[in-house]
Amino acid sequence: MTDTPTGVVEDTTLQPRSFVLASRASQLAQIQTNIVHDALRKAFPSLSFGTSFMKTEGDKNLSQALYLLGGKALWTKELEIALKEKTVDMLVHSLKDVPTVLPDGCEIGAILEREDPVDSLIVKKGLPYKNLDELPDGSVVGTSSIRRVAQLRRSFPKLQFMDVRGNLNTRLSKLDAPDGPFTALILAKAGLVRLGMGDRITTDLGAPVLYHAVSQGALTVEIRSDDAKARELCRALTHTETQLKCLAERALLRRLEGGCSVPVGVDTELTDVERSTDGLQGGLLRITGCVTAIDGSLHVQHTLTEQVHTTEQAEQVGVKLAVTLIEQGAGKILEDINVDREKRAKEVNS
Ligand SMILES: NCc1[nH]cc(CCC(=O)O)c1CC(=O)O
């Protein structure tokens with residue numbers, strides 16, 4: 001690798017080869033893939049890149065509650081098959097949709113700079129409410145995330161929460177339908193902003209009102225573990241600060257979960273950042289994690305602050321936080337959810 005005076009990173013060892021970036025076919029996924037495509041073309045102007053978009057199982061099954069569908073691999077499995085078969089070379093995902101354990105032969109190549117990771121409240125068009133506490137008792141808030149429902153039930157016991165599925169445009173038209181049930185939706189800010197719909201946001205719901213999902217707001221590129229060239233290209237895309245925060249969050253979730261969507265929230269900061277000519281050398285990682293019972297009756301929360309220099313150290317902080325949360329009762333909350341999930345899945349399938 002040599003750095004040219006213009007800052008363009010060229011790798012002269014690369015064979016002429018075209019790299020195909022792939023993702024789901026939703027509008028958001030396509031926009032996200034184009035963000036990565038543009039970044040790669042800018043960093044490697046002499047290489048050739050293409051894109052490919054696929055419908056996944058998760059896009060097709062819009063009726064069943066998300067957390068009953070058997071885990072997040074739903075969004076990534078078919079894409080990973082194409083990756084392994086070398087039909088495509090790089091998968092672009094929202095990192096929060098990527099399971100914490102990747103299949104053999106696949107790995108995270110890059111984690112890009114995070115958008116604002118918070119969730120946002122979107123109030124139905126024409127209604128005057130500016131915040132959750134202004135919503136009348138009994139108002140129906142749409143979200144398909146048990147993390148959001150569990151946390152918000154604690155502070156807003158008089159609101160009702162209802163599943164809402166489909167891509168962002170579909171969800172917003174369900175919200176605005178004159179005879180529809182919803183007063184408001186809660187969505188990740190990053191997705192709305194990337195879609196150019198940030199003007200629909202009524203207000204942001206950050207910590208301590210609502211702790212966001214692990215890795216929310218960050219894009220990732222998944223590659224084949226044996227593809228050294230793709231790994232080399234990915235290095236130019238990684239934002240180290242985001243990577244340290246998100247890997248700590250993912251290590252926390254990996255230690256806590258059995259694989260399915262769980263009511264785990266986080267809020268992470270990296271301060272006192274140390275830089276050298278090689279880039280970021282570390283900083284002070286402050287990570288808060290919480291686990292909440294679905295009915296809001298229990299909530300376990302803890303914060304760790306530690307100096308980190310490497311991704312391994314960041315992951316160790318995430319694991320340590322998970323262990324502390326489990327000691328404080330998070331294990332029991334997650335166990336109860338798994339029992340309930342199995343029971344409900346049996347009911348749905350019978
Ligand atoms: N659960 C689906 C999902 N996966 C990624 C995003 C967009 C935000 C991101 O990139 O983290 C969303 C939408 C949402 O949760 O509102």
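Modeller: Let's start with the naming: helices are DSSP runs of H or I with at least four residues, strands are runs of E with at least two, and both are numbered from the N terminus. Asp 272, for instance, sits in strand β13 (residues 264-276). Residue numbers count from 1 along each chain as its sequence is written. The model is predicted, and local features need pLDDT of at least 70, side-chain atom pairs count only at pLDDT 80 or more, while totals for chains, interfaces and linings use all residues.

Colleague: How many helices and strands does the chain have?

Modeller: The chain has nine helices and 15 strands.

Colleague: Which residues are joined by a cis peptide bond?

Modeller: Ala 207 and Pro 208 are, with omega about 5°. Pro 208 lies in the loop between β11 (203-205) and β12.

Colleague: What about Asp 336: why is it called partly exposed?

Modeller: Asp 336 has 14 C-beta neighbours inside 10 Å, so it counts as partly exposed. Asp 336 belongs to helix α9 (residues 311-349). Ile 294 is 42 residues away from Asp 336 in sequence, and their C-alpha atoms are 9.4 Å apart in space.

Colleague: How do you know that the length of helix α1 agrees with its number of residues?

Modeller: The expected span is 1.5 Å times one less than the number of residues. Helix α1 (residues 27-43) has 17 residues and should span 24 Å; its end C-alpha atoms are 25 Å apart, which agrees.

Colleague: Why is α8 described as largely enclosed?

Modeller: Of its 17 residues, 13 are buried, so the rest of the structure largely encloses α8.

Colleague: Which residues of α1 are buried?

Modeller: They are Ala 29, Gln 32, Thr 33, Val 36 and Leu 40. The arc used here is that of the directions from the helix axis to the C-beta atoms. The buried residues of α1 fall within an arc of 100°, so they line one face of the helix. On the face turned away from them, Asp 38 and Lys 42 are exposed.

Colleague: And what puts the buried residues of α5 on the same side?

Modeller: In α5 (residues 168-176), the buried ones are Leu 168, Leu 172 and Leu 175. They cover an arc of only 55° around the axis, which puts them on the same side of α5. Thr 170 and Ser 173 are exposed on the other side.

Colleague: How do you know that the ligand lies between two domains?

Modeller: Domain bounds come from an automatic or database domain assignment. Domain 1 (1-112 + 219-238) and domain 2 (119-205) both give residues to the shell around the ligand, so it lies between them. Among the residues around the ligand are Ser 94, Lys 96, Asp 97, Leu 187 and Gln 216.

Colleague: How many residues of domain 2 are in contact with domain 3?

Modeller: Two residues are in contact if their C-beta atoms, placed from the backbone, lie within 7 Å. Seven residues of domain 2 are in contact with ten residues of domain 3. The assignment gives domain 3 as 239-350, and the centres of domain 2 and domain 3, taken over C-alpha atoms, are 24 Å apart.

Key: Buried ≥ 20, exposed ≤ 12 C-beta atoms within 10 Å, placed from the backbone. Near = placed C-beta within 6 Å.
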